[in-house]
Amino acid sequence: MRAGILQAAAAYVIWGLFPLYFRLLQGVGALEVLGHRIVWSLLFLVGVLGMRRQWSWLRPALADRAVMKRFIASALLIAANWFIYIWAVSQGRVVESSLGYFISPLVNVLTGWLVLKERLRPAQWLAVAIAAAGVIWLTWTQGAAPWIALALAATFASYGLLRKTASLGALEGLTLETILLGPLAIAGLLWAVAQGQDSLTQVPLHQQMLLLAAGPLTAIPLLLFAGGARRIPLSLLGMLQYIGPTLQLALGVWVFGEPFAGGRAQGFMIIWAACLLFSAELLWRHRENLR
């Protein structure tokens with residue numbers, strides 16, 4: 001179990017430090033960063049699968065219309081999630097982005113209730129209600145809904161729903177998604193080159209290296225997460241997942257100097273209470289099942 005904990009925690013730490021990576025790409029447009037992330041992720045994943053000789057899944061997946069429809073949808077959702085996050089970091093909205101990943105687990109259970117007709121336990125309903133109250137408080141005190149957080153949570157929850165019922169594993173699924181997104185990303189980057197607007201040939205060397213590193217930085221934490229998720233209980237995984245948004249929040253406040261006081265801090269505290277209740281109920285349920 002210790003190896004699983006380390007793998008999952010490492011994945012969440014890497015995801016939590018992503019704002020540092022994307023902030024270092026300041027000056028490169030969010031769409032272009034997204035294009036590079038897709039292209040270099042595809043090349044990296046193809047290399048990993050090539051070394052493993054793990055290709056037997058691809059032809060059946062491409063021939064299955066239902067699988068393809070599901071992964072076209074999941075590819076578009078993860079691309080939207082990536083773009084919103086990259087854009088938010090570049091616009092100095094790291095704190096609000098972190099909120100999206102704090103509420104994602106609660107949006108996940110609510111999505112399961114709405115779509116899969118899963119029954120929510122009373123504590124889960126209470127946690128969702130408290131989180132909703134926190135979002136309403138933020139909207140009231142800030143004068144606008146935290147739409148970045150809500151969009152990140154909604155796209156990630158919808159993506160998770162599709163992947164939960166998909167037939168492919170994490171590595172194969174992400175590879176298929178990048179295969180589907182790859183032509184669009186390549187076309188966009190080639191168009192930028194033709195217009196003389198590409199950043200890869202114009203930015204400093206360190207930013208060129210960062211763009212090329214987008215592939216490993218996308219795939220490695222996913223592989224760590226997949227390995228950890230197989231080795232530790234869901235309840236423990238559920239608590240570890242708050243490492244990521246906590247690091248993002250810390251970076252937003254203490255490194256990037258984003259405001260965090262008054263109504264914003266109060267709204268976060270309400271939502272943290274919901275997250276604490278959700279995690280405590282999950283842990284209690286796990287211990288009950290072990291008896």
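Is Tyr12 buried or exposed, and what is its relative accessible area? Tyr12 is buried, with a relative accessible area of 9%; buried means under 20%, exposed over 50% and partly exposed in between, using a 1.4 Å probe and protein chains only. The model shown is predicted, so local features need pLDDT of at least 70 and side-chain atom pairs count only at pLDDT 80 or more, while totals for chains, interfaces and linings use all residues. Residues are numbered from 1 along each chain as its sequence is written, and side-chain values use heavy atoms, with hydrogens and water left out.

**View 1. Tyr12 and Phe225 form an aromatic pair.** The structure holds 18 aromatic pairs, in which ring centres of Phe, Tyr and Trp (its six-membered ring) lie within 6.5 Å, and planes under 30 degrees apart count as stacked, over 60 as edge-to-face and the rest as tilted. Here the centres are 5.8 Å apart, with 75° between the planes, an edge-to-face arrangement. Tyr12 belongs to helix H1 (residues 2–16) and Phe225 to helix H11 (residues 214–229), so the pair ties together parts that are 213 residues apart in sequence. Helices are DSSP runs of H or I with at least four residues, numbered from the N terminus. Phe225 is partly exposed, at 23% relative accessibility.

**View 2. Trp87 meets Trp147 in a tilted pair.** Their ring centres are 5.9 Å apart and their planes stand at 40°. The pair links distant parts of the chain, 60 residues apart: Trp87 is in helix H5 (residues 65–90) and Trp147 in helix H8 (residues 147–164). Trp87 is partly exposed at 27% relative accessibility, and Trp147 is partly exposed at 45%.

**View 3. Two arginines sit over aromatic rings.** A charge sits over a ring if NZ of Lys or CZ of Arg is within 6 Å of the ring centre and within 35 degrees of the ring normal. Arg23 lies over the face of Phe256, 4.0 Å from the ring centre. The charged end of Arg37 is over the ring of Trp82, at 4.1 Å from its centre.

**View 4. Thr111 is buried in its helix.** Look for Thr111 in helix H6 (residues 94–115); its relative accessible area is 15%. Leaving aside residues up to four places away in sequence, Thr111 touches Leu116, Ala157 and Leu161, where contact means heavy atoms within 4.5 Å.

**View 5. Arg53 has a positive phi.** Most residues other than glycine have a negative phi. Arg53 is not a glycine, yet its phi is about 50°. Arg53 lies in the loop between helix H3 (30–52) and helix H4 (58–63) and is exposed, with a relative accessible area of 76%.

Terms used: Helices (H or I, at least four residues) and strands (E, at least two) are DSSP runs, numbered from the N terminus.
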